[in-house]
Amino acid sequence: MDRITVENPGQRYISNFIIYDALGEPEIDINKWRLCIDGLVRSKKCYSFDELEKMPHIKYTADFNCVTKWSIKDVVWEGPSLSHLIMDSIPDQKAKWVMFWSADGYSTPVPIEYALSERSLIAIRMNGSYLKKENGYPARPFIPDLYGWKSAKWLTLIELIEDYRDGYWEQYGYHEVGRVEAEERFKGFSWKSIRRNSRRSE
Ligand SMILES: Nc1nc2c(c(=O)[nH]1)N[C@H]1C(S)=C(S)[C@@H](COP(=O)(O)O)O[C@H]1N2
Ligand SMILES: [Mo]
């Protein structure tokens with residue numbers, strides 16, 4: 001899996017990431033930092049950076065798409081498979097959403113089928129180097145099909161839950177799922193469904 005292409009209507013490419021830290025940049029002590037899997041799982045687990053680093057990694061090139069319409073072309077993403085991490089904790093049948101939580105208090109939900117996609121990973125490297133502090137060191141999830149706000153920087157916790165809950169941006173109206181290809185930018189609104197509905201009424 002070397003390259004993942006996702007259609008990104010309405011986006012334009014820029015050359016550098018615009019750094020966002022809605023709740024401020026947290027201080028992280030890498031020796032104390034852990035990434036934990038919790039909630040509706042049979043076996044709760046926490047991993048150190050060293051453990052994540054030593055696991056098998058997946059690696060591919062894919063664009064990063066921010067819902068505010070900027071994109072970065074061809075970022076090389078690398079890290080453990082998100083689905084392997086979740087499956088190792090044995091998810092309960094009831095789990096339907098995954099909530100990502102960060103050290104700064106940021107959170108964002110994704111449907112479990114996206115978290116379990118073979119292309120979803122926990123990025124510990126971008127473009128061949130560890131994440132920069134401002135890009136979320138030590139780890140952030142990356143799901144190429146979803147907008148960038150679903151990639152919680154300074155990730156600490158992956159919580160499996162049954163019912164949808166808003167995260168930080170979703171409480172202000174951003175979409176539950178956030179698919180780039182369907183322009184799911186805001187709740188109850190996607191250009192694809194508008195086009196589909198207008199075709200239907202023609
Ligand atoms: N913890 C945290 N994660 C976050 C954000 C944030 O403010 N805090 N912003 C999100 C948004 S809207 C985007 S587009 C990307 C931006 O990533 P970057 O700061 O590495 O460019 O991070 C996402 N993850
Ligand atoms: Mo964003």
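These legends describe close-up views of a predicted model.

**View 1. Ligand 1 sits in the largest pocket.**
The shell around ligand 1 is made of 20 residues. Ile18, Ala22, Asn135, Ser151 and Lys153 are the closest of them. Sorted by type, the shell holds 12 nonpolar residues, four polar ones and four charged ones.

**View 2. Side chains of Asn135, Arg140 and Lys153 reach oxygen atoms of ligand 1.**
In the side chain of Lys153, an N or O atom is 2.5 Å from an oxygen atom of the ligand. For Asn135, the distance from a polar side-chain atom to an oxygen atom of ligand 1 is 2.8 Å. For Arg140, the corresponding distance, again from a polar side-chain atom to an oxygen atom of the ligand, is 2.9 Å. On its own, ligand 1 has 530 Å² of accessible area, and the protein covers 98% of this.

**View 3. Glu25 and Lys133 form a salt bridge.**
Side chains of opposite charge can pair when their charged atoms come close. Here the N to O distance between the two side chains is 3.2 Å.

**View 4. A cis peptide bond leads from Tyr137 to Pro138.**
The omega angle of this bond is near 10°. Pro138 is located in the loop between β10 and β11.

**View 5. Asp74 has a positive phi angle.**
What is the value of phi at Asp74? Phi is near 55° there, and the residue is not a glycine. Asp74 is part of strand β5, which covers residues 70–79.

Key. Residues are numbered from 1 along each chain as its sequence is written. Chains are lettered from A and ligands numbered from 1 in the order in which they are written. This is a predicted model: local features need pLDDT of at least 70, side-chain atom pairs count only at pLDDT 80 or more; totals for chains, interfaces and linings use all residues. Side-chain values use heavy atoms; hydrogens and water are left out. A residue is near a molecule or strand if one of its heavy atoms lies within 4 Å of it. A polar contact is a pair of N or O atoms within 3.5 Å; within protein, one must be able to donate a hydrogen and the other to accept it, and residues adjacent in sequence count only if both atoms are side-chain atoms. Accessible areas come from the Shrake-Rupley method with a 1.4 Å probe; for residues, only the protein chains shown count as cover. On a 1 Å grid over the protein atoms alone, a cavity is a set of points where a 1.4 Å probe fits but cannot get out, and a pocket is an open set with protein on both sides within 12 Å along at least five of seven lines; lining residues have an atom within 4 Å of a point. A molecule sits in a cavity or pocket if more than half of its atoms lie within 2 Å of its grid points. Ala, Val, Leu, Ile, Met, Phe, Trp, Tyr, Cys and Pro count as nonpolar, Asp, Glu, Lys and Arg as charged, and the others, Gly among them, as polar. A salt bridge is a side-chain nitrogen of Lys or Arg within 4 Å of a carboxyl oxygen of Asp or Glu. Helices (H or I, at least four residues) and strands (E, at least two) are DSSP runs, numbered from the N terminus.
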